Amino acid sequence: MTRQCLGLAFVLLLPCAGAQAATVQEQFKASVAELQNNPDSKELREKIIKLGLEIEPKPAVPEEADKHMARGRAAANGAKDKAGFQEAAAEFKKAALAAPWLAQAYYNLGIVEDKAGDYAEAMKNLELYLSAAPGAKNAKKVKSLIFEIEYRLEKAAKEK
């Protein structure tokens, strides 16, 4: 193939690449909107996380998510019992709904759900954290925590 043909082929591919990027953006936005109607869908959250990792620049975190992250931290810091950790979890859930690609929301949610005794949800959210933060420095520690929570879940089931 001549140099001229290669240049033409490259130029013809550029619009496709731009169109594909727009499609990822559109899929991401549509999935985030769909999650508002189906907030308990782990599969939809996984899709949003995957799409969010593909988007450049990374999606901005809305102020609503920042607000609920701060409120969740305040609730968790003041929590003294199961009800206190459930209040913190409610705030982190709102943050994860406002920014379902935000890894830290899932991490914090998993931690407080574990402390509240909601083991199955804690494991699910820590797994979402690992999906949203594939290069996390604490990944091994979080996987170990998931195994610990799994044990607590099994023990609680036996005690019932």
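Colleague: In which sense do α4 and α5 cross, left-handed or right-handed?
Modeller: The crossing of α4 and α5 is left-handed. Please keep in mind that this is a predicted model.

Colleague: Which residues make up those two helices, and at what angle do they pack?
Modeller: Helix α4 covers residues 82-98 and helix α5 covers residues 103-116. They pack at an angle of about 160°, and their axes lie 8 Å apart. Because angles over 145 degrees count as roughly antiparallel, α4 is roughly antiparallel to α5.

Colleague: Which residues meet there?
Modeller: On the α4 side they include Phe85, Ala88, Ala89, Phe92 and Ala96. Among their partners in α5 are Tyr106, Leu109, Val112 and Ala116. Charged residues take part as well, including Lys82 and Lys93 from α4 and Glu113 from α5.

Colleague: How does that contact divide by class?
Modeller: The contact of α4 with α5 has 11 nonpolar, 2 polar and 4 charged residues.

Colleague: Turning to α3, how does that helix pack with α4?
Modeller: Helix α3, residues 63-78, packs with α4 at an angle of about 165°, with the axes 8 Å apart. That makes α3 roughly antiparallel to α4. The crossing of α3 and α4 is left-handed.

Colleague: Which residues make that contact?
Modeller: From α3 they include His68, Met69, Arg71, Arg73 and Ala76. From α4 they include Glu87, Glu91, Phe92, Lys94 and Ala98.

Colleague: And how many of them are nonpolar, polar and charged?
Modeller: The contact of α3 with α4 has 9 nonpolar, 3 polar and 6 charged residues.

Note on methods:
Residues are numbered from 1 along each chain as its sequence is written. This is a predicted model: local features need pLDDT of at least 70, side-chain atom pairs count only at pLDDT 80 or more; totals for chains, interfaces and linings use all residues. Side-chain values use heavy atoms; hydrogens and water are left out. Axes are lines fitted to C-alpha atoms, for helices over the stretch in contact, and angles run from 0 to 180 degrees between N-to-C directions. Helices (H or I, at least four residues) and strands (E, at least two) are DSSP runs, numbered from the N terminus. Angles under 35 degrees count as roughly parallel, over 145 as roughly antiparallel, 65 to 115 as roughly perpendicular and the rest as oblique. A crossing is left-handed if the near helix is turned anticlockwise from the far one by less than a right angle, and right-handed if clockwise. Contact means heavy atoms within 4.5 Å.
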